[in-house]
Amino acid sequence: MQRIGVFVCWCGTNIAATVDVKAVAEAARKEPGVVFATDYQYMCSEAGQKLIRDAIAEHKLTGVVICSCSPRMHEATFRKTVEAAGLNPYMLEVANIREQCSWIHKDRTEATEKAVVLARTAIAKVSLNVPLTAGESPVTKRALVIGGGIAGIQSALDIADAGYEVDIVEKQPTIGGKMTQIDKTFPTLDCAACILTPKMVDAAQHEKITIYSYSEVTEVTGFVGAFKARIKRKARFVDETKCTGCGECTSKCPSKKNKNEFNLGLDNRTAIYIPFAQAVPKVAVIDAESCIKKKTGKCGLCQKICGAGAIDYEQKDEYIEREYGAIVVATGYNPIDLAKYDEYAYSQSPDVVTSLELERLMNAAGPTKGTLLRPSDGTHPHTIVFIQCVGSRCDDARGKPYCSKICCMYTAKHAMLIREKYPDTEVHVFYIDVRTPGKNFDEFYRRAVEQYGVDYIKGMVGKVVPHDGKLLVQGSDLIANEQVRIEADMVVLAAAIEPDKSARSIATMLTASIDTNDFFTEAHPKLRPVESPTAGVFLSGVCQGPKDIPETVAQASACAAKVIGLLAKDKLKGNPCVAHVNEEMCNGCSTCEKVCPYGAITYQDKEFRVPGPKRTEIRRVASVNEAVCQGCGACTVACMSGAMDIKGFANKQIFAEVDAICR
Amino acid sequence: MTFSYYPGCTLKTKAKDLDRYARSAAAALGVEMAELPEWQCCGAVYPQAKDEIATKLSAVRALMAARDEGRELLTLCSACHHVIKRVNHDMVSDENIRTKVNNYLKPEVPYTGETKVIHYLEMLRDTVGFDELAKRVTRPLKGRRIAAYYGCMLLRPGNVMGFDDPENPRIMEDFIRAIGAEPVVIAYRNECCGGYMTLENRALAQKKATTVVDAAASAGADTIVTACPLCQYNLDVNAVGERVPVLYFTELLAEALGVKEAEA
Amino acid sequence: MQIKIDENGNFKPTIVAFCCNWCSYAGADLAGTSRLSYPANVKIVRVPCSCRVNPLFILRAFQRGADGVILCGCHPGDCHYTTGNYYTRRRMTLLFNMLDYLGIERDRTRVEWVSAAEGAKMARVMNEFVARICELGENKRLEDLRCKKSLEE
Amino acid sequence: MSFEEKEMAENIKRISGVNPRKCMKCGKCSGTCPAYEEMDYHPHEFVAMVEKGRIDELLASKSIWTCLSCFACVERCPRSVEPAKLIEAVRLEVIRAQGANHLKAVQIPELLDEKLPQQAIVSAFRKYSK
């Protein structure tokens, strides 16, 4: 039997004015297990706390009930008090007789009656409390960043600057991501490469950062503070340590007609290639599917020319395993496939391009050296039509239900740049809404209209018909209430963006949740926007939702701050109120594993003693990882055999509370 | 392989060519077309309102007859294909329509959309195969530049018709290639020909038809093929200005298979 | 045993409210700091998440003589544990169907989403709920008098 | 909006199965409509006017006789609103009344030419008469 002490607080007159505190203490004294009950003006004051500590010592109390303000206010205070007196801090319960009693009831009798019941309920619960100890786990002081775009680079730089080791794993041969393909950035119109490439170099030269390019994370186990990741380093058939990036091999390679991914297939590259001049690492890679040597065994030209002896046709995929304290997801996005939107003739005419393709067509390092030319015949386009919301804000199976957020601004940027560079070119933009929240954004869009004379048409294009080398664009002008027809030379589609295809498998690997659109879910949509609900997994950039560059960078740094906060700890103290399985009762059905939002439950085979000649048997039972469990209790209700329970909110404790209220 | 065949009214009167060349070509390809006994007019347009039941019954009768014969239902006219396929989709997906239709018709076995509705072109693509068809062609239409005109009915709505990519179809072009001719992809090949508007507003029908035929002419097509009698009529009769012959695809098929003269 | 009839002869129901720690319990605290009153019959049990509430807890309350049980959690989409309240919603739908089947009036149980900012909503919901339970009168159908007796002894 | 219009708007929504509230007012339906120039009210206006209950104007609209039922608006609507179904439902509101047929059998002979397929006449009857 517990020895319980009850301490009723007056809270000055806050409680004492409406609740007869002496009567509450009197009533509490009659409850089973209660050996001491008293009241005092301010329990939270130093004098009040001393009163509690002294009573614990004097009456050899094993459990304490404080009848006072809300536990959200002072539970932590009183836990420290009882701990100082040598009790386990979880042998304490608070009865909320202020916010949920004295402050809302006017009638003194009624309020006192209720306070008695609340005290009784807390006593009933504390009688069943057991000492709990928060688990501790060590923190590996190294972070893994999945994805080497601007989000991943920024997070990595910030974490590394704080003095922690960071590994960036990027599946492409170079880091930099989508931003490397962008020509200029809104609303300042500075060149993307000029602001990005120095950051890429910073990352490469940072002593705390290791870049694994052309690599993928294939497996993640463990939990916050102690993740273990397996990284596949894909064979690039070039020794990264030897290659100097001179590019001699790429100029001699005879396999020249391969789609250049960096320019989105608008031109060709050789089989051995460096994605672009400022690639990091600046190391060549061989595309085995188009390499003549890899396909036929004959050629070997690059190996002969390479002065550094870096070419190795026999290179194999390698795997490395590393431990990390925190993982940053920065997997980014891609424009959607537009083949399903062929009313805009994307797959029927090379002159219908996506906005990202237009970036390449306008970029000095692009296939046209920065001169805007039609892909079909290399002529200068005189009429260009932009179509917004292609695949965004759709509720059919073809598109995405969300707004892609960045298209309004980059379309204004494209329109403006074209009008500036080629004043003889007519530019029409079909829009449903122009969405420009952001610093200097609406001013930017207005400049496109007012200063550069871009023709914005409110309405959607219904159909683009390629005919006689032209593109016949037919759409709505909702303001004029007419159907407009424009004979265009080029059509640019603002394609919706979607999370990178790897998001789903990486989410599964990390037991981090994603939404129906495959965007990673944040731990709290307002208050914890850069953390995933899975402890130790953080979100950076568009993998969490559509964002422009400034927002991505801001979020990447916020994410880094959270990672640093975690890595700065030597040990992690968990919440002891976590799930706990009674292995004797568990039947191994896996129901709890499926409802757990954190992946905290795994199954293992264990040996149990059984009656009879066999003496023991092996059974599959649930096992809770206390470092990962957040203690929500979903599993306890799902468990059909009643084996799952939550410490501190145990079934029998809640039953006791219910019984005490209804008594 | 044997299909239950639903010809439709127009193929028995004004569009006999569409029908008889289809039959002779099918025979040459070893496909049997067993015409449904006592079929009724499909109604020519799909009744879109949810409370239109009576106007869907004739299509269901055809579907049910094919089911009872244990065969897939082959269609040829675009309009019939459209109506029957969409009514069948209703019978699968709309419980209200399904219940009311079955209550009305009281079949021995209630009909719930089991019949598969196949257009002749789909049969050529999926049952015969265009590669196989190319091998069977005895008189390839070498040097011919043929434009395919799809119209609306075969393609839309794409999620019900499931015929081809509704915005960038290729089945007719593949067909044209299989019979040895050169397909000419033309603008407006999946835009409306004017349809039944020829009765209400001939000027509109003329405008629509002319746009299509002009596109074919300027693309250098020597022939337009279609699968729909109404499209054929509009493009042939209502187009003003430059004219391009408008034929049923089955006629060219029969020609390429060398069975056209035998028929004529 | 609680006296359910006050000196004026009015029915005083016993009401158990389960509130999740992150939203609804804080909402109840806010009702307190805002001095928004609701009847004293309502006694709140704090749980980590609405999904911690086993349907058995609710049945137990009825068995022990509660006249109404209300369960409050974060708004859908706002759950501290991401998906907990979705589980709650599904579980409670099933439980309510069962209570219906047992002949327990549908209105004796209720699920409400109350955020930490909705002190006023908490008070309003509790007022409405208590008023409705008063209309329904005492719950005797599930009450197990044997439990009562043994407890009294 | 009169009581009758409200009733009719409800009926039109019911028999067409179209929820005009799904519309995001992008105008793609009218941008793609091949009969646009022959219409007084255009597909996007049908959606907006049914939502607002402006049915009397639609009943008198010549657009209901001009819609080609080509389903371009249905295919291309990003919000799956299906304006063609709405136009058909308004047309049904008109022709389902006694003696309100838009096309009568006596008119047919003068419209015939020797090549006109049956399909055209049957279609027109289905669209214009009850």
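**Briefing: a sheet and two chain contacts**

β11(A) and strand β12 (residues 226–233) of chain A pair in the antiparallel sense over eight bridges. Strands are DSSP E runs of at least two residues, helices are H or I runs of at least four, and both are numbered from the N terminus. Strands pair if DSSP finds at least two bridges between them. This is a predicted model: local features need pLDDT of at least 70, side-chain atom pairs count only at pLDDT 80 or more, and totals for chains, interfaces and linings use all residues. Residues are numbered from 1 along each chain as its sequence is written, while chains are lettered from A and ligands numbered from 1 in the order in which they are written.

**Sheet in chain A**
- Three strands form an open antiparallel sheet, ordered β11-β12-β17.
- β11 (215–223) and β17 (318–324) are the edge strands, each pairing on one side only.
- Val220(A) stands opposite Ala229(A) in β12(A).

**Helix packing, chains A and C**
- Helix α18 (residues 651–662) of chain A packs against helix α2 (residues 55–63) of chain C at about 25°, with axes 9 Å apart.
- α18(A) and α2(C) are therefore roughly parallel (angles under 35 degrees).
- Ile654(A), Phe655(A), Val658(A) and Cys662(A) meet Phe57(C), Arg60(C) and Ala61(C).

**Contact of chains A and B**
- Chain A gives nine residues and chain B seven; contact means C-beta atoms, placed from the backbone, within 7 Å.
- Strand β24 (residues 461–467) of chain A supplies the largest share of the chain A side, three residues.

Terms used. Two residues are in contact if their C-beta atoms, placed from the backbone, lie within 7 Å. Axes are lines fitted to C-alpha atoms, for helices over the stretch in contact, and angles run from 0 to 180 degrees between N-to-C directions. Angles under 35 degrees count as roughly parallel, over 145 as roughly antiparallel, 65 to 115 as roughly perpendicular and the rest as oblique.
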